[in-house]
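Hi everyone, thanks for making time this morning. I'd like to walk you through one structure, so please have a look at it with me.

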Amino acid sequence: MSMIASFYNGKSILITGATGFMGKVLMEKLFRTSPDLKVIYILVRPKAGQTTQQRVFQILNSKLFEKVKEVCPNVHEKIRAVYADLNQNDFAISKEDMQELLSCTNIVFHCAATVRFDDHLRHAVQLNVTATQQLLLMASQMPKLEAFIHISTAFSNCNLTHIDEVIYPCPVEPKQIIDSMEWLDDAIIDEITPKLIGDRPNTYTYTKALGEMVVQQESGNMNIAIIRPSIVGATWQEPFPGWVDNLNGPSGLIIAAGKGFLRSIRATPMAVADLIPVDTVVNLTLAVGWYTAVHRPKSTLIYHCTSGNLNPCNWGKMGFQVLATFEKVPLERAFRRPNADFTTNTITSQYWNAVSHRAPAIIYDFYLRLTGRKPRMTKVMNRLLRNVSMLEYFVNRSWEWSTHNTEMLMSELSPEDQRVFNFDVRQLNWLEYIENYVLGVKKYLLKEDMAGIPEAKQHLKRLRNIHYLFNTALFLIAWRLLIARSQMARNVWFFIVSFCYKFLSYFRASSTLKV
Ligand SMILES: CCCCCCCCCCCCCCCCCCCCCCCCCC(=O)SCCNC(=O)CCNC(=O)[C@H](O)C(C)(C)COP(=O)(O)OP(=O)(O)OC[C@H]1O[C@@H](n2cnc3c(N)ncnc32)[C@H](O)[C@@H]1OP(=O)(O)O
Ligand SMILES: NC(=O)C1=CN([C@@H]2O[C@H](COP(=O)(O)OP(=O)(O)OC[C@H]3O[C@@H](n4cnc5c(N)ncnc54)[C@H](OP(=O)(O)O)[C@@H]3O)[C@@H](O)[C@H]2O)C=CC1
């Protein structure tokens with residue numbers, strides 16, 4: 001029997017961010033491997049017209065939880081959705097709920113965060129720093145608490161190239177930042193944001209670094225660990241390969257490339273693509289929870305959950321495999337054929353943005369206008385280019401993360417635990433993983449039916465013919481204009497025509513002779 005799985009049986013576990021990408025996979029694995037756990041409390045807010053209960057119902061009835069229902073048929077009774085908004089004081093949790101959480105919780109997994117790169121600093125601080133501080137305060141009042149696991153990101157110190165499993169201090173103390181957010185107005189915050197984030201690319205990475213400092217400062221005598229995953233991708237193995245349900249990280253770009261919107265991206269093909277499957281992150285998280293509670297390390301340990309140092313893959317290989325998969329399983333109703341490429345040069349990148357992105361969008365909008373419809377492609381394209389520009393920082397650099405603690409933990413696990421909670425990325429076959437990722441994007445994110453593949457291929461053939469027709473027409477128009485204006489072009493044209501005429505005459509004469 002797995003020691004980690006049996007550790008969680010009988011436990012009351014509190015998860016923040018359980019409705020998010022990682023949170024769902026974490027809950028699924030917990031229920032599947034430790035069906036006798038006592039309860040999972042999740043802090044949820046109502047969203048998009050759904051109550052907290054409706055959101056939980058939807059999650060439990062999704063494909064991701066199909067296996068759980070077989071192993072743990074009473075899963076509905078073991079999940080307790082607690083109304084909470086992490087942006088509010090005391091998370092707006094009712095007194096009764098708070099009392100229950102404080103007195104019963106054994107383990108806390110803090111996954112909630114704003115992961116938007118362009119979030120306003122005030123909001124990013126509120127969620128990634130202040131809420132973390134408040135949750136630690138809550139945890140310090142939990143008499144039965146055994147471990148508090150904080151999910152950070154491997155990019156919290158992306159201003160460095162070699163990153164150790166330590167907390168690097170930011171120049172301004174988190175407490176000062178939290179205080180200043182209370183009295184500064186938005187305009188001043190906007191002004192000081194670039195100075196505060198310094199050489200980090202966005203408010204997300206900066207506030208995640210501040211969040212780590214808060215964890216270190218407020219840890220008291222709690223058993224705390226921090227996990228730093230790199231770019232979290234679709235599931236590798238569990239509960240099935242390729243599951244993904246949001247557009248973050250590479251998923252959005254995979255769709256944009258597959259639909260033919262994205263034709264070029266400024267990226268360094270040889271830079272390491274430090275992707276990590278979400279089930280690997282979850283396995284490490286659960287192993288860390290067990291180790292922190294049982295072995296009680298003297299200090300807060302940080303675990304890097306990355307792939308680059310043990311099993312590197314680069315963006316070139318990844319992009320190539322994404323496109324190869326689209327050859328076999330294209331997406332439906334593509335705008336253009338998937339034919340993206342990497343450029344390393346800013347000027348070339350701008351050229352391709354104009355020629356391959358903006359121009360086709362303008363032409364398509366013109367066609368929409370002609371046919372009496374509302375133009376929309378230019379808007380979509382501008383948004384895509386803005387989003388791509390925000391990701392460019394991460395696809396043009398490589399980082400090195402040391403993984404001593406993660407490797408130490410692996411060696412502490414029994415062979416059974418190493419199997420059930422596998423986080424050894426050396427076993428990952430990238431080509432297979434990326435193919436499953438692309439299929440997962442098609443099936444689970446876009447909800448496209450595999451039966452539609454022949455029609456999708458047919459559509460791509462039509463697009464290819466339109467492309468050839470368009471290019472030929474363009475060439476003929478350009479040539480006609482050139483002939484009208486340039487003597488040299490006219491000479492070349494007469495040379496080609498007379499050459500073709502002579503060739504045809506010779507061909508006709510020789511075939512008449514044979515007869
Ligand atoms: C040799 C051959 C070569 C060939 C080559 C070919 C190549 C071609 C192949 C290409 C593949 C290979 C290369 C891959 C490179 C990948 C690089 C990844 C780097 C990632 C690094 C991450 C490092 C850090 C990791 C971390 O630690 S953090 C986690 C990562 N964090 C992020 O990844 C957030 C990023 N994103 C945002 O920061 C915001 O998204 C923002 C961008 C501001 C937009 O913002 P905006 O434009 O406002 O758009 P939205 O409002 O967000 O959304 C607009 C619409 O989409 C909807 N929608 C938004 N979201 C979601 C969501 N979730 N789930 C569901 N829907 C959503 C929303 O409903 C709305 O729909 P609508 O309402 O319009 O109908
Ligand atoms: N995805 C990635 O590539 C990486 C993620 N990480 C880290 O992993 C963790 C989980 O990320 P991921 O699952 O991808 O992120 P998601 O954006 O998918 O999930 C974020 C979660 O936080 C919750 N949340 C946000 N704001 C509030 C609020 N005000 N009150 C209550 N809950 C709130 C969301 O709830 P709701 O559904 O209501 O919005 C959601 O459950 C984060 O800490 C992130 O920094 C680290 C490295 C990479």
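This is a predicted model: local features need pLDDT of at least 70, side-chain atom pairs count only at pLDDT 80 or more; totals for chains, interfaces and linings use all residues.

Let's turn to ligand 2. There are 26 residues around ligand 2, and Thr-19, Arg-45, Lys-47, Arg-55 and Tyr-204 come nearest. Helices contribute too: helix H2 (21-33) and helix H10 (203-217) each supply at least two residues of the shell around the ligand.

Now for some polar atoms. On the side-chain side, Asp-85 has a polar atom 3.0 Å from a nitrogen atom of ligand 2. From the backbone, an N or O atom of Gly-17 lies 3.3 Å from an oxygen atom of the ligand, and a polar backbone atom of Ile-151 is 3.4 Å from an oxygen atom of ligand 2. Taken on its own, ligand 2 has 880 Å² of accessible area, and the protein covers 91% of that.

Finally, let's visit helix H20, which spans residues 487-514 and holds Phe-494. Is Phe-494 buried or exposed? Phe-494 counts as exposed, because its relative accessible area is 53% and the cut-off for exposed is over 50%. Phe-494 also belongs to a nonpolar patch on the surface, together with Met-488, Val-492, Trp-493, Phe-495, Ile-496, Val-497, Phe-499 and Phe-503. Together, the patch residues have about 960 Å² of accessible area.

Technical notes:
Residues are numbered from 1 along each chain as its sequence is written. Chains are lettered from A and ligands numbered from 1 in the order in which they are written. Side-chain values use heavy atoms; hydrogens and water are left out. Patches are made of residues with over 30% relative accessible area and no salt bridge: like charges are joined within 9 Å, nonpolar side chains (Val, Leu, Ile, Met, Phe, Trp, Tyr) within 5 Å. Accessible areas come from the Shrake-Rupley method with a 1.4 Å probe; for residues, only the protein chains shown count as cover. A salt bridge is a side-chain nitrogen of Lys or Arg within 4 Å of a carboxyl oxygen of Asp or Glu. Helices (H or I, at least four residues) and strands (E, at least two) are DSSP runs, numbered from the N terminus. Buried means under 20% relative accessible area, exposed over 50%, partly exposed in between (1.4 Å probe, protein chains only). A residue is near a molecule or strand if one of its heavy atoms lies within 4 Å of it. A polar contact is a pair of N or O atoms within 3.5 Å; within protein, one must be able to donate a hydrogen and the other to accept it, and residues adjacent in sequence count only if both atoms are side-chain atoms.
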